[in-house]
Amino acid sequence: MKLEARNLGYGYRGHVVGRGANLGLSAGEVVCILGPNGGGKTTLFRTLLGLIPPIEGQVLIEGMDLHASPRATIARLVGYVPQAHLGYFPFSVQDVVLMGRTAHLSPFAVPSRRDRELAAAAIERVGLAHLVDAVYTRISGGERQLALIARALAQATPLLVMDEPTASLDFGNQVHVLETVAKLAGEGIGVLISTHDPDQTFQCADRVVLVHRGSVTDIGPPEEGLDATRLRELYGIEVQISTVEVAGRPRRVCIPAAVGKQSAIFSRE
Amino acid sequence: MAIALAVFGLGCLVVLAFAVGRFPVSPGDFAKVIWDWLSGGTSEVPATVQTVILNVRGPRILAAIVVGAALAGAGAAYQSLFRNPLVSPDILGVSSGAALGAVLGIFFSLDVVFIQGLAFIGGLAAVATAYFIASRMRGHDPILVLVLAGVVIGALLGAGVALIKYLADPYNQLPAITYWLLGSLAAATRADFLSVLPAAAIGIAVLWLLRWRISVLALGDDEAASVGVETGRIRVAVIAAATLMTAAVVSISGIIGWVGLLIPHFARLMVGPDFTRLFPVTALLGAAFMLSVDTVARTAGRIELPLGVLTAVIGTPLFLWLLATARRSWQ
């Protein structure tokens, strides 16, 4: 199972956001996308999901042209976890997750008992079993994000695209989501995930892709490709990458070099 | 459960609606007449009672049920589709288009059948125009553009209606036009009911078949597409079905506001936003509401009250109450 962008140009009519993107996502790997705000990550994702047509090049899924495929075919192969938003009507968490089963239903069908069971299992998997009947618009942002992940799990696709799934979460839930991502990859699901936190690439990514100023660069494993120079180019700040020991194993962390509090300490000395 | 309750309530209302009026009919006579009509036997019930039940009240009650169910059902579909609880069947210019068609028919003194036909065509043409304009404008939020195009088209058609009222003969045509614009089922005949039944049934059938997809569309286009919904095509089908049923019933009832806005809210309070449950409950509530209002319209005063006025008088306070207390319906 493979999702692949070949020489992809993406954007909207009359406004090219990026060109020449080459990108692959295979089953069982986590590919992490890093890029500053407004760098075109979401536009790239929408093109990779077939939601907007490419300006040039191709997106292939299992060798098929994604943009010529029916929505239901795509939806059985690639799941999408958007950034949690409020929604418009007071659906229950169960209803929202159940909607992930739509890909497996014919146009006139409604979800069966089996679909409900699969939705319930997905809710259980992300740890929201206690909120099955809660109203989606009235749970916390973190819980909504987990519900959207459960929806993608109910969709039961070999590949997942997650757009900043940790952006609206507290510290604990961020870790919880990253653990879930790692677990899914362990089960053979390919995950393409965008994030604002370069630390997260060291925690879960097999490969890192930088999206910046209209170019898409695959820099390979974060331990090899992600260094202070790259991060400075990306975010325009000085970053120090250190190795610390976490639970007996070395882990790299990114530390912004010039944060106010730190310089205040220096000046006192 | 909610559906069973709504069906039972509607049944009681039907019996009540047959009973009351200038010529009271007892439930016993009503049952006898219906039985004799079904079995084809001659009836000992007086002929006037038979006429009242079969030719006067019967068609009117059936028309009220179809009109209410279609307007409310279409309203629920539009609200889910446009992800906006303040949308109603007239949002895309259906009502204005139908009004202009009917008013033109009255102005040219056409036969009733042609007036209805023009109303129907006007409603469909208005939506088609709004949809065409919206599809020409790329690069904007498609739903917003569609709704705005509908509002603008509606305003233009409203100007057309005003012009014809201005030009119309003030003694014959103007009262007829005003009467139609206020909405009424007083003139509904068996033929009227039968003429709108197919279009209303087709619209309801399409919405019913697509009920789960309509639910999913409430997620937003990107997410609905990402779980496998052909969003553009389903939207066209739903708009066509909802417009078809609105235009059809408006062609016999005239303009009746509020039903398509208000009833889906109440239904959503009862069963939640899932369209598979929302749609049947909305249609039944709409039918019950329309039948109640029409029964009041023909019995309350010495003259028939216009339906559009009654629904507005009932609808405004109800909607304000909803707005103040029951935010649950959309949050």
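Let's start where the two chains meet: the contact takes 28 residues from chain A and 26 residues from chain B. Helix α2 of chain A, residues 71-77, gives the largest share of chain A's side, with 3 residues. Sorted by class, the residues of chain A that touch chain B come to 19 nonpolar, 5 polar and 4 charged. Keep in mind that this is a predicted model.

**The six-stranded sheet of chain A**

Now to chain A itself. One open sheet there has 6 strands in the order β6-β7-β8-β3-β9-β10, and the pairing is mixed. At its edges stand β6 (78-81) and β10 of chain A, each of which pairs on one side only. Neighbouring strands of this sheet are turned against each other by 20° on average, if you ignore direction. Helix α5 of chain A, residues 141-155, packs on the sheet and touches β6 and β7 (159-162) of chain A. The direction of α5 makes about 170° with that of β6(A).

Is it enclosed or open? With 5 of its 6 residues (207-212) buried, β9(A) is largely enclosed by the rest of the structure. In general, strands of a sheet pair through backbone hydrogen bonds, either parallel or antiparallel. On one hand, β9(A) pairs with strand β3 (residues 30-34) of chain A in the parallel sense, over 4 bridges. Here A:I33 stands opposite A:V209 of β9(A). On the other hand, β9(A) pairs with strand β10 (residues 215-220) of chain A in the antiparallel sense, over 5 bridges. In that pairing, A:L210 has A:T217 of β10(A) as its bridge partner. β9(A) and β10(A) form a hairpin with 2 residues between them, and A:R213 in the turn has a positive phi of about 50°.

**The four-stranded sheet of chain A**

There's another open sheet in chain A, this one with 4 strands in the order β2-β1-β4-β5 and antiparallel pairing. β2 (15-26) and β5 (64-65) of chain A are at the edges with a single partner strand each, so one side of each is left without a neighbour in the sheet. Strand β4 (residues 56-61) of chain A runs antiparallel to β5(A), and 2 bridges join them. A:L60 has A:D65 in β5(A) as its bridge partner. Helix α1 of chain A, residues 41-48, packs on this sheet, touching β1 (2-12), β2 and β4 of chain A. The direction of α1 makes about 125° with that of β1(A).

Here are some strand pairs of chain A side by side:

| Strand pair | Sense | Bridges |
|---|---|---|
| β3(A) and β9(A) | parallel | 4 bridges |
| β9(A) and β10(A) | antiparallel | 5 bridges |
| β4(A) and β5(A) | antiparallel | 2 bridges |

**Two domains in chain A**

Chain A is divided into domain 1 (2-236) and domain 2 (237-269). Their C-alpha centres lie 30 Å apart. How many residues of each are in contact? 10 residues of domain 1 of chain A meet 9 residues of domain 2 of chain A. On the domain 1 side, α7 (198-204) and α9 (228-235) of chain A each supply at least two residues. α9(A) gives the most to that side, with 4 residues. By class, the domain 1 side that touches domain 2 of chain A has 5 nonpolar, 1 polar and 4 charged residues.

**The nonpolar core and chain B**

In soluble globular proteins, nonpolar side chains tend to be buried together. In this model the largest nonpolar core has 181 residues, and A:A150, B:V66, B:M245 and B:V249 touch the most other members. Helix α3 of chain B, residues 47-81, gives the most to this core, with 18 residues. Beyond its neighbours within four places in sequence, B:V249 is in contact with B:V66, B:V67, B:A70, B:L71, B:V196 and B:A200.

Is B:A218 buried or exposed? B:A218 has 23 other C-beta atoms within 10 Å, so it is buried. Leaving aside neighbours within four places in sequence, B:A218 is in contact with A:Y88 and A:F89 of chain A, and with B:S80, B:R83 and B:P273 of chain B. B:F289 is 71 residues away from B:A218 along the chain, and their C-alpha atoms are separated by 26 Å.

How values were computed: Residues are numbered from 1 along each chain as its sequence is written. Chains are lettered from A and ligands numbered from 1 in the order in which they are written. This is a predicted model: local features need pLDDT of at least 70, side-chain atom pairs count only at pLDDT 80 or more; totals for chains, interfaces and linings use all residues. A residue is buried if 20 or more other C-beta atoms lie within 10 Å of its own, exposed if 12 or fewer, and partly exposed in between; C-beta atoms are placed from the backbone. Two strands pair if DSSP finds at least two bridges between them. Two residues are in contact if their C-beta atoms, placed from the backbone, lie within 7 Å. Ala, Val, Leu, Ile, Met, Phe, Trp, Tyr, Cys and Pro count as nonpolar, Asp, Glu, Lys and Arg as charged, and the others, Gly among them, as polar. Axes are lines fitted to C-alpha atoms, for helices over the stretch in contact, and angles run from 0 to 180 degrees between N-to-C directions. Domain bounds come from an automatic or database domain assignment. A nonpolar core is a set of buried Ala, Val, Leu, Ile, Met, Phe, Trp, Tyr and Cys residues joined through C-beta atoms within 7 Å.
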